Amino acid sequence: GTRREQARALLGALSERERDVALAVGRGRSNAEIAAELYMSVATVKAHVSRVLTKLELNNRVQIALTVHDAGHLI
């Protein structure tokens, strides 16, 4: 499939909260900003980011952001 379809399938494999965090990373939010936006602790945000990286087999936040952008989730 297209990059968009592949990216959407990857994001679809996440839990709702993981996806919320991934989309916020895609908007360039820091962990502290994500914690405030989603009413969770910074430690919880970090745990979600770690799980997103593991599930999507990515290495860093930039790759999460690229996946979000490929999926067509615009800022």
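What pattern does the chain follow, read along the sequence? Colour by secondary structure and you'll find α-α-α-α-α. Before going on, note that you're looking at a predicted model, where local features need pLDDT of at least 70, side-chain atom pairs count only at pLDDT 80 or more, and totals for chains, interfaces and linings use all residues. Residues are numbered from 1 along each chain as its sequence is written, and side-chain values use heavy atoms, leaving out hydrogens and water.

Start with the whole chain in cartoon view. There are five helices and zero strands (DSSP runs: H or I of at least four residues for helices, E of at least two for strands, numbered from the N terminus).

Next, select residues 7-72. UniProt, in an unreviewed entry, places the feature "domain: HTH luxR-type" here; such annotations may be inferred rather than shown by experiment. Pick the end C-alpha atoms of residues 7-72 and you'll get 9 Å between them. This span is 76% helix and 0% strand.

The chain exposes about 4500 Å², with carbon and sulfur atoms supplying 53% of that (Shrake-Rupley method, 1.4 Å probe). Of the 75 residues, 36% count as buried, meaning under 20% relative accessible area with a 1.4 Å probe, protein chains only.

Last stop: contacts, meaning heavy atoms within 4.5 Å. Among those between residues at least 6 apart in sequence, 57% join residues at least 24 apart.

Notes:
Buried < 20%, exposed > 50% of the residue type's maximum accessible area, 1.4 Å probe, protein only.
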